[in-house]
Amino acid sequence: MATQLRRTSRPDAAAAADAAAPAASPWSGAGERQRQREAKRNAVLSTAAQMFNERGFHATSLDDIAARLHVSKPTLYYYVKNKDEILLACVDKGLRMTLQGIEASRAAGGNAVDQLRACMQVYAGIVMQPFGMCLIRVGDEEVPEPARGELRRMKSEIDLAFRRLVAQGVEEGSLAPCDPKMTAFVIAGALSWIGRWYQPEGAHTPEEIAQQCIETLLGGVVARVPARSAPKKRASSA
């Protein structure tokens, strides 16, 4: 009898434990749902940036973006409000990636030339990525106000970072005397233009392109031939 009681008490105890356990909350996966939503929104932005780069902003519609993602157009509105918001988010991502990369390069230390080279490497690499390329290929005038002013302010931070490093290099003597403002414009302009002509299927990797462009900008294109010594005069015979 005692054995029977012990056997029957186990399911009763389990039932009591189940009753005491809190019910599973339907909101327990909220964090995971938020992560999934953010991942899907990033997929929308990345696809849109690629299409803006391929076709141009005005030639790309929300229908085109939805078709590339194999979703319906109404689905996009769960992640973005409209095409202007997509463009703003894409350009903003490109700018923030650039500024964060430049700041990390400067924080790594080294002399001005080391930091300048590292910043150029970061910038060249980003303009060959979808968000960075979108930043270069889409004009500021296509970004609606008031965001346009903020984007221009962030772009000026990139210019100022290059300008400070050039000025520091001139002061150190590691860079030839120059106008830091003009030189910074040349550097940023040349590296930005990579985002215009770069083709992923081209013969060179992004790393090779960045390296060659940086070496050309820092070293120049004119060969440095050592000055020939003047020929020795023959001693005149008496």
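This is a predicted model: local features need pLDDT of at least 70, side-chain atom pairs count only at pLDDT 80 or more; totals for chains, interfaces and linings use all residues.
Let me start with the overall fold. The protein has 10 helices and zero strands. Read along the sequence, the pattern is α-α-α-α-α-α-α-α-α-α. There are 238 residues, and 31% of them count as buried. Now the contacts between residues at least 6 apart in sequence. Of those, 66% join residues at least 24 apart.

First stop, helix 6. This helix runs over residues 112–126, which makes 15 residues. At 1.5 Å a residue it should span 21 Å, and its end C-alpha atoms are 21 Å apart, so expectation and model agree.

Which residues of helix 6 are buried? Here is the list: Ala 112, Val 113, Gln 115, Leu 116, Cys 119, Met 120, Tyr 123, Ala 124 and Ile 126. They cover an arc of only 165 degrees around the axis, and therefore sit on the same side of helix 6. An α-helix has 3.6 residues a turn, so residues three or four places apart point the same way.

A side-chain oxygen of Asn 111 comes to within 3.1 Å of the backbone nitrogen of Val 113.

Next, helix 8. It has 26 residues, and at 1.5 Å a residue they should span 38 Å. The end C-alpha atoms are 38 Å apart, which agrees. The buried residues here are Ala 147, Leu 151, Met 154, Ile 158, Asp 159, Ala 161, Phe 162, Leu 165, Val 166 and Gly 169. Their packing partners are helix 5, helix 6 and helix 9. Just after helix 8 comes Gly 173, with a positive phi of about 90 degrees.

Now charges. Side chains of opposite charge can pair when their charged atoms come close. How many salt bridges does a search of the whole structure find? The count is 10. I will go through three.

One is within helix 8. Glu 150 and Arg 153 meet in a salt bridge, at 2.7 Å from N to O. The two are three residues apart in helix 8, so about one helical turn separates them. Glu 150 is partly exposed, because its relative accessibility is 34%. Arg 153 is partly exposed as well, at 39%. There is also a network: salt bridges link Glu 150, Arg 153 and Glu 157.

Another joins Arg 117 and Glu 215, side chain to side chain, at 2.5 Å from N to O. This pair links distant parts of the chain, with Arg 117 in helix 6 and Glu 215 in helix 10, 98 residues apart. Arg 117 has a relative accessible area of 30%, so it counts as partly exposed. Glu 215, at 35%, is partly exposed too.

Lys 73 is in helix 4 (residues 73–76) and Asp 63 is in helix 3 (residues 62–69), 10 residues apart. Lys 73 is partly exposed at 31% relative accessibility. Asp 63 is partly exposed at 45%.

Now a charged residue without a partner. Lys 83 belongs to helix 5. Lys 83 is buried, yet has no salt bridge. How far away is the nearest side chain of opposite charge? That is Asp 84, at 6.8 Å. The cut-off for a salt bridge is 4 Å between nitrogen and carboxyl oxygen. What lies 2.9 Å from a polar atom of the Lys 83 side chain? The backbone oxygen of Phe 57. Leaving aside neighbours within four places in sequence, Lys 83 is in contact with Phe 52, Phe 57, His 58, Thr 60, Ser 61 and Leu 62.

Last residue: Ser 192. Its place is in helix 9. Is Ser 192 buried or exposed? Buried, because its relative accessible area is 14%, and the limit for buried is under 20%. Not counting residues up to four places away in sequence, Ser 192 touches Tyr 123, Val 127 and Ile 136.

How values were computed
Residues are numbered from 1 along each chain as its sequence is written. Side-chain values use heavy atoms; hydrogens and water are left out. Helices (H or I, at least four residues) and strands (E, at least two) are DSSP runs, numbered from the N terminus. The expected span of a helix is 1.5 Å times one less than its number of residues. Buried means under 20% relative accessible area, exposed over 50%, partly exposed in between (1.4 Å probe, protein chains only). The arc is that of the directions from the helix axis to the C-beta atoms. A polar contact is a pair of N or O atoms within 3.5 Å; within protein, one must be able to donate a hydrogen and the other to accept it, and residues adjacent in sequence count only if both atoms are side-chain atoms. Lys and Arg count as positive and Asp and Glu as negative; His and the chain ends are not counted. Contact means heavy atoms within 4.5 Å.
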